Amino acid sequence: MTSLDGFAANKLRELEQKHIRRILVDTFREDGVHVTRGGRQFTSFSCNDYLNLTHHPAVKQAAIDAIVRHGAGAGASRLVTGNHPLYSELEARLAAFKGAEAACVFGSGYLANAGIIPVLVGPDDLILADELSHSCLWAGAQLSRAKVLMFRHNSVEHAEQLLAQARAGHGHALILTDGIFSMDGDRAPLAELSALASRHDAWLMSDDAHGLGVVGSGQGSAHAAGTRVPIDLQMGTLSKALGSCGGYLCASQPVIDLVRTRARTLVYSTGLPPASAAAAISALDIIAQEPELVARPLANAQAFASLAGLPAAESPIVPVVLGDEVLALRAQQVLEAEALLVTAIRPPTVPPGTARLRIAFTAGHSHHDIERLARVVRRQILPMQVSA
Ligand SMILES: *Cc1c(COP(=O)(O)O)cnc(C)c1O
């Protein structure tokens, strides 16, 4: 065994002992709701495909047509020859829908955050981030080499204290938060954070991966917080409610022009495949035309929370915190026995001691599915919480 293999094997053993080793399971998604694993069919409550658009006939056809017309891949970075015309159409549509001047599309949401943040702040600057911000906001913050301070989850007071202490010693200041928190499902106080940012000459960036297509008539969490809440930088993903793949930033024209010139994950990475851009445009059409579809994931989460006796849902994501990793894995198995798929989420995705089931609702879940899940959660999973 080489020293490299020895290192990997030891590390895996250590992770296994802590019950945080991960494995990939082949999963065949037949539609937006049902999946097959190891020959067994499950109703999935773990997909971020909130509107089931990954399998919508019009979205799939748009992707197929784009492949026929533009090819399977972009062929180069967008700044070289990879900028096929579907990009500008998608960017204009995103900017209009989010109420921004301009937009820039990236290969993924993760790449967007890793690229955008270092363009805007550097070693002399300050970043304040909500402690539960998504991993790729931290990645962007680290790459920027700015001073990073963490504020307590959704605490505008704590963020204000930190700004009062540290703002003066730094050039620019950037506040980072999820719009809807990916593992907790709650919403950020965007109106208050926006006011805080303007009081301290800071810029506000929200990650709306779980808001677009789902809250604020589909326009996202900034829209849900009030139409006139100014947010300098609204990023998000095309890979969740839009059912496609890719990331985006909506901002003013000068900011977008700078990001297009300097974001390394855009400049040095091949453009998004044409099929992904076309699918996202088609999904935006559906979201604009079908308000009843858009309202359903949140309504389903609220129906579930009420049936299971949990606090009211603020988004399609409902967490059931078990604490211990082993307990969370056991809860997943209890649900699997009932043909319900809810993947256990463990550290470091969530803070130590908060391993959980993260239940995600989509438009296509039937009332019967929701009742069945609520019954198992109430009778078998919540009692596990108490015994912990
Ligand atoms: C999923 C997610 C991302 C990453 O988006 P991808 O397009 O899947 O790379 C970014 N931020 C948050 C909050 C997410 O949940």
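A salt bridge, as the term is used in this talk, is a side-chain nitrogen of Lys or Arg within 4 Å of a carboxyl oxygen of Asp or Glu. With that rule, aspartate 285 forms a salt bridge with arginine 93, and the closest N and O atoms are 2.6 Å apart. Aspartate 285 belongs to helix 11 (residues 274-289) and arginine 93 to helix 3, so this pair ties together parts that are 192 residues apart in sequence. Helices here are DSSP runs of H or I with at least four residues, strands are runs of E with at least two, and both are numbered from the N terminus.

The structure is a predicted model, in which local features need pLDDT of at least 70 and side-chain atom pairs count only at pLDDT 80 or more, while totals for chains, interfaces and linings use all residues. Residues are numbered from 1 along each chain as its sequence is written, and side-chain values use heavy atoms, with hydrogens and water left out.

I turn to accessibility. Buried means under 20% relative accessible area, exposed means over 50%, and partly exposed lies in between, with a 1.4 Å probe and protein chains only. Aspartate 285, at 30%, is partly exposed, and arginine 93, at 27%, is partly exposed as well.

The search of the whole structure finds 12 salt bridges. One of them joins glutamate 91 and arginine 260, with 2.8 Å between the closest N and O atoms. This pair links distant parts of the chain, since glutamate 91 sits in helix 3 (residues 86-98) and arginine 260 in helix 9 (residues 253-262), 169 residues apart. Is glutamate 91 buried or exposed? Glutamate 91 is buried, with a relative accessible area of 5%, whereas arginine 260 is partly exposed at 26%.

A further salt bridge joins the side chains of lysine 18 and glutamate 14, at 4.0 Å from N to O. Lysine 18 is partly exposed at 47%, and glutamate 14 is partly exposed at 34%.

Next, the domains. The assignment, which comes from an automatic or database source, gives domain 1 (24-54 + 290-387) and domain 2 (74-272). Their C-alpha centres lie 27 Å apart. How many residues of domain 1 are in contact with domain 2? There are 19, and they are in contact with 19 residues of domain 2; contact means heavy atoms within 4.5 Å.

The two domains bury about 1500 Å² between them, 60% of it on carbon and sulfur atoms. Buried area is the accessible area, taken with a 1.4 Å probe, that two parts lose on being put together, summed over both. Across this interface the rule finds one salt bridge.

Which elements give two or more residues to the side of domain 1 that touches domain 2? They are helix 12 (291-308), strand 11 (317-323) and strand 14 (355-360). By class, that side has 11 nonpolar, four polar and four charged residues. Here Ala, Val, Leu, Ile, Met, Phe, Trp, Tyr, Cys and Pro count as nonpolar, Asp, Glu, Lys and Arg as charged, and the others, Gly among them, as polar.

Glutamine 380 is partly exposed at 38%. Leaving aside neighbours within four places in sequence, glutamine 380 is in contact with Val334 and Glu338.
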